[in-house]
Amino acid sequence: MLSTWKTCCGRIPQRWIFAIMGFLALLNAYAMRVCLSITITEMVRAPENTIHSSEHSCPVIEEDWHVSEVRPSNAKKYDWDGELQGIILSSFYGGYVVTHLPGGMLSEKFGGKHSLGLGILATAVFTLITPVVVEYGEATGLIILRVLMGLCEGTTFPALNAMLAQWTPPEERSKIGSLVFAGAQLGTVFANSLSGLILHYSEIGWPAVFYVFGSIGVLWFLVWCITCYNNPDTHPFISEREKNFLQERMQAHTHKKPPSVPWRHMLTSVPLWALIAAQIGHDWGFFTLVNDLPKYMSSVLKYSIKSNGLLSALPYLTMWLCSVITSCLADWMITSGLMSRTNVRKLGTTIASLGPGAFIIGASYAECDRTTVVIMFTLGTTLMGTFYPGMKVNALDLSPNYSGTLMALVNGIGAITGIVTPYIVGVLTLNETVHEWRLVFWIVFGVFVLTNIVFILYASGEVEYWNDPEFIRREREEKRAKIENEKKKKAEKPRP
């Protein structure tokens, strides 16, 4: 049986099979995470005056609303105000930040296959039972469930990064890394567009969204178990040619059993803290849009649920296209010597910071010109795609050996913004006016600019010295020898 699989599948580069399955892992993870952002607009009972315009809100286009109205269902609706909705949306990240570091360390020690797979499987199960939990526990039950989902998904990025370090040669790092991380963007596209269609057509109402995405997550897990493995050496049907190629290309900086994490050197690394700053900026902008763009489309621009889902998805589709194109361009610039790896990472991050920030601000000043607002959001989010060949693969540059822990640290700290931003939006936009949202977008722009300055000044695309196992072993041996010498001197010192 094994020989049959090897004959059949050995010709297919298994690193690209892993890349596709890793991409689908993030697509599922983000779809299950994000689907609540648009679904909550139908879970909450709208105020009676919701379709009437006020001095600072946009008018409803009645034809659009009635043609695309949601099919009536018996699904229960709830009286959750904006602040409570913000807490519900941010609760996921309360659990998410907790499991990043242990997930990264476990992935480096035992491999990322099972920590990633089981995390997404558990998230899928929690997604499937969401309607039942909400029916009996309402907001409290949903908050607890979302925290548990966050705990399960916290291992996703660290596990993927640990596996990328084993499967990605340096010259393909931007392409494969960007393909995998693009699952976050297309997961958002998938969640928003499909959720809008399900809510529009489903007879059972909003619970159908959770049933669909939970089922897809379980199906992904079954395929993942069969097709993906921790590293090329443990893969049962990889070709010898590909295995030798990967070993040859990565042996300089990627080791199977490096020493334990050099925390002192890692936490005093200036390029690492520059990367953390860039991750905070990226996540602040990305999470604000992912969690709250559907809310803006619905409550401010007054788009129907079907149009909301499709238009909220559009920016992430173009963002994905941008990341694919620019990742290929980034690898070419590096391999051709046109630009150093460090400068490529800085350029990508700068475009992805200043571009989205400027267009988001522009969208807020377009006010109720719905076409211009959608164009502005789409252009801004498109440029955010250069984050992926920019700072998103930078952890692999700095330390392939400790990339799981590094991603856990970087992504975990950045994910704290996922707790903060929905709550800020909920507090600042109580009346859902254009002027209130404008302040939200100015805050996003400010965070983008500040974090990008730090990244430009201090980031690096080169491997850090503490990635070398020999350096770490040598340092620890010298430390042990010093302790032994001190003990020996104390023992030889004559007593009075």
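The model is predicted: local features need pLDDT of at least 70 and side-chain atom pairs count only at pLDDT 80 or more, whereas totals for chains, interfaces and linings use all residues. Residues are numbered from 1 along each chain as its sequence is written, and side-chain values use heavy atoms, with hydrogens and water left out.

Of its 496 residues, 57% count as buried, that is, under 20% relative accessible area with a 1.4 Å probe, protein chains only.

Next, select residues 14-43 and 82-96. These are helix 2 and helix 4, which pack at an angle of about 175° with their axes 10 Å apart. Helix 2 is therefore roughly antiparallel to helix 4 (angles over 145 degrees count as such). Display R33, L36, S37 and I40 of helix 2 with Q85, I88, L89, F92, Y93 and Y96 of helix 4, the residues that make the contact (heavy atoms within 4.5 Å).

Proceed to helix 13, residues 270-299. Its end C-alpha atoms are 43 Å apart, which agrees with the 44 Å that 30 residues should span at 1.5 Å a residue (1.5 Å times one less than the number of residues). Because 26 of the 30 residues are buried, helix 13 is largely enclosed by the rest of the structure.

Finally, select E367, which follows helix 15 and has a positive phi, near 50°.

Conventions: Helix = DSSP H or I, 4+ residues; strand = E, 2+ residues; numbered from the N terminus. Buried < 20%, exposed > 50% of the residue type's maximum accessible area, 1.4 Å probe, protein only. Axes fitted to C-alpha atoms, helices over the stretch in contact; angles between N-to-C directions. Parallel < 35°, antiparallel > 145°, perpendicular 65-115°, else oblique.
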